[in-house]
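Visitor: I would like to go through this protein step by step. Please show me the sequence and the structure.

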Amino acid sequence: MAKQISAFFTAAVKNKKLRTAVLCVAFALVFFGCSGFVVSQAADIKRLKNQQAAYDEQLAEQEAENDRLEEILDSEDRDAYIEQKAREKGYVKSGEIVFYDVSGSGN
């Protein structure tokens, strides 16, 4: 097989038409290979730009939430807010008695 390939390239060097054909095929392979690479890179760039836009949106939402929380912490009713959040998580003050409605009436 290697001898056949070597013979083909030796003939291609001697024959101008064959040499031109081999160069055209090689050029076409390189061109289409590079074209495929460029298309692949363009798709990756588009995907990454979409991902960046989603992250930018998420960042903006988080910064807005941080600003809202900073306003609450800087306000006068900070302690009431902290107490409300603690109660939502089930915390109680020491010495406080908690009653639970187990009747299921929803009132």
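Visitor: How many helices and how many strands does the secondary structure of the protein come to?

Guide: This is a predicted model. From the N terminus on, its elements run α-α-α. The count is therefore of runs assigned by DSSP, and it comes to three helices and zero strands.

Visitor: What radius of gyration does the protein have, and what would a compact globule of 107 residues have?

Guide: The C-alpha trace spans about 100 × 35 × 25 Å along its principal axes. For a compact globule of 107 residues, the radius of gyration would be near 13 Å. The protein itself has 36 Å.

Visitor: What share of the 107 residues is buried?

Guide: A residue counts as buried when its relative accessible area is under 20%. The protein exposes about 9900 Å², of which carbon and sulfur atoms supply 61%. Buried residues make up 2%.

Visitor: How far apart are the mean positions of the positive and negative charges?

Guide: The protein has 14 positive and 17 negative charges.

Visitor: Is Asp-74 buried or exposed?

Guide: Asp-74 is found in helix α2, which covers residues 16–74. Its relative accessible area is 66%. Exposed means over 50%, so Asp-74 is exposed.

Visitor: Which residues gather with Asp-74 in a patch of negative charge?

Guide: A residue needs over 30% relative accessible area to be part of a patch, and Asp-74 has 66%. The patch is on the surface. Gathered there with Asp-74 are Glu-63, Asp-67, Glu-70 and Glu-71.

Technical notes
Residues numbered from 1 in each chain as written. Predicted model: local features only at pLDDT ≥ 70, side-chain atom pairs only at ≥ 80, totals over all residues. Heavy atoms only, no water. Patch = residues over 30% accessible without salt bridge, like charges linked within 9 Å, V, L, I, M, F, W, Y side chains within 5 Å. Areas by Shrake-Rupley, 256 points an atom, 1.4 Å probe, with all protein chains shown as cover. Salt bridge = Lys/Arg side-chain N within 4 Å of Asp/Glu carboxyl O. Lys, Arg positive; Asp, Glu negative; His and termini not counted. Charge placed at Lys NZ, Arg CZ, Asp CG, Glu CD. Helix = DSSP H or I, 4+ residues; strand = E, 2+ residues; numbered from the N terminus. Buried < 20%, exposed > 50% of the residue type's maximum accessible area, 1.4 Å probe, protein only. Rg over C-alpha atoms; globule rule 2.2 N^0.38 Å.
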